[in-house]
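Hello,

Here is the structure for you to look through. My notes on what was found follow below it.

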Amino acid sequence: MPGDDRARGPASLLRFADRFGGVATVAFLTYIGEYMSFIVVLAFIINKLVLLFHMGGEAYLLVGAVSALYLVLSGLVAIPVGHLSDRYGKRRFTMLGCLLGAFALFSLVFIDRMTDPTQFFAGIAVSLGALGVAHGTYTATTLAYTGDVADASAMGKPYSLVEDAEFVGYAFGPALGAVVSVALGRILTFTASGLMLLAAAAMAFFFMRRAGGEAHSVSWSDFASAFRNSVVALILVTTFFSSLAFSGFFYYVPLYASALKGSIPALGAVYPVLQSLVAGTAVVLMFPFGHLTDRTGRRMPYLVAGLLIGALALASVFLAPSLGGFLLASVVFGLSLALARVNQLVMLAEASTQANRAGVMGTNHAMEHAGYGAGALVGGIIAGLLGGFVSTFRYLSVMLVVVGLVFLAVALAKKMR
């Protein structure tokens with residue numbers, strides 16, 4: 001009866017919230033807390049090195065070094081930590097990651113008072129290194145826990161919810177941090193971020209109690225067996241290249257738009273919001289796309305579509321360089337990002353088990369960070385040596401088309417859904 005359907009609707013929503021609301025909240029608190037301080041930390045380091053320690057260009061070199069330390073540790077640590085959390089419990093390692101992140105953020109309050117440059121830089125390196133380890137830990141464990149708790153036939157909505165929570169923090173945390181630091185100062189910003197990580201640890205303790213948080217008898221051979229699955233290997237490759245393209249779009253499209261403001265004056269006011277438009281579109285569309293994935297039972301076509309639509313968005317940037325063209329390209333790229341990320345995670349979760357899922361998700365996180373770094377590096381090299389930003393977007397769009405078509409051919413041969 002229709003009344004029965006309406007009754008089941010709220011009950012189903014409550015069950016969904018009970019199973020995934022806690023882990024999504026942990027994902028949101030960790031990412032928003034971390035990223036609202038990260039950009040503030042980098043600005044704080046430069047100001048301290050230049051104004052207090054009277055350094056010149058080497059200050060920017062040091063900032064680049066500690067930023068690289070954070071990114072590399074975050075990606076690399078996620079692989080062994082993912083395996084260890086499969087063995088000893090994802091809930092336990094999520095809490096450890098949150099507590100380590102809180103320590104890193106609170107330590108900045110004391111590092112701020114250091115007046116010796118060597119001690120200051122050593123303290124910053126330890127703090128951001130610890131934050132990178134924490135990030136890799138709770139990213140791998142929350143994504144793996146989601147797959148453990150989700151129904152095998154309905155992983156789209158859970159993963160879209162958790163990925164959405166992370167992406168909101170990643171995309172909008174820096175802006176929040178800038179506002180808070182201007183209004184309240186950097187010390188209170190670091191303190192507020194640390195408290196968010198402590199709150200995330202408490203949420204993990206109380207709400208990650210289901211089977212996904214338990215320990216298992218797992219060996220390194222269980223971890224290695226996951227990568228003998230060609231689906232896992234193939235998805236990891238798409239993660240790397242889609243992250244590379246995302247990094248290229250996210251950093252260089254606004255710079256290209258800024259460079260064109262002489263001929264298109266409106267871009268001078270619009271270029272700073274293009275990144276937010278990409279992120280906002282992805283945030284809005286992830287959950288509907290997760291629902292679509294569950295409803296149709298298909299993953300592969302949506303992932304291919306995400307890659308090819310991303311290529312179209314990159315191509316439109318140099319084919320139609322106008323105010324409307326940049327805005328439309330940003331929306332379309334956000335759409336492609338949402339399609340690709342949700343289906344990559346769902347396919348990895350379906351191709352792994354509770355015995356190796358965190359290890360797989362940790363490896364995916366490492367590939368994601370490698371792609372981000374490669375995108376920033378390759379995009380700059382192409383722009384500097386091979387004809388400017390237009391060449392960057394041209395090569396990146398061709399790359400996505402090739403990756404999408406190769407993935408499609410292999411997926412069809414393997415009869416992937």
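**Cavities**

S242, F246, G306, L307, G310, F333, S336, L337, A340 and L400 line the second largest cavity. A cavity here is a set of points, on a 1 Å grid over the protein atoms alone, where a 1.4 Å probe fits but cannot get out; lining residues have an atom within 4 Å of a point. The elements that give this second largest cavity two or more lining residues are α8, α11 (300-319) and α12. α12 gives the most, with four residues. Helices are DSSP runs (H or I, at least four residues), numbered from the N terminus. By class, this lining has six nonpolar, four polar and no charged residues. Ala, Val, Leu, Ile, Met, Phe, Trp, Tyr, Cys and Pro count as nonpolar; Asp, Glu, Lys and Arg count as charged; the others, Gly among them, count as polar. The volume of the second largest cavity is about 80 Å³. A volume is the space filled by probe spheres set on the points, with grid points joined across faces, edges and corners.

Before the rest, a word on the source. This is a predicted model: local features need pLDDT of at least 70, side-chain atom pairs count only at pLDDT 80 or more, and totals for chains, interfaces and linings use all residues. Residues are numbered from 1 along each chain as its sequence is written, and side-chain values use heavy atoms, with hydrogens and water left out.

How many cavities of 30 Å³ or more does the structure hold? There are two. The lining of the largest cavity has 11 nonpolar, nine polar and four charged residues.

**Core**

The largest nonpolar core has 118 residues. Such a core is a set of buried Ala, Val, Leu, Ile, Met, Phe, Trp, Tyr and Cys residues joined through side-chain atoms within 4.5 Å. Buried means under 20% relative accessible area, exposed over 50%, partly exposed in between (1.4 Å probe, protein chains only). I45, I124, F167, F246, F326 and F407 have the most contacts inside this core. α1 gives the most to the core, with 16 residues. I124 is in contact (heavy atoms within 4.5 Å) with F44, I45, V66, L108 and I111, leaving aside neighbours within four places in sequence.

Best wishes

Technical notes:
1 Å grid on protein atoms, 1.4 Å probe; cavity = no way out; pocket = protein on both sides within 12 Å on 5 of 7 lines; lining within 4 Å.
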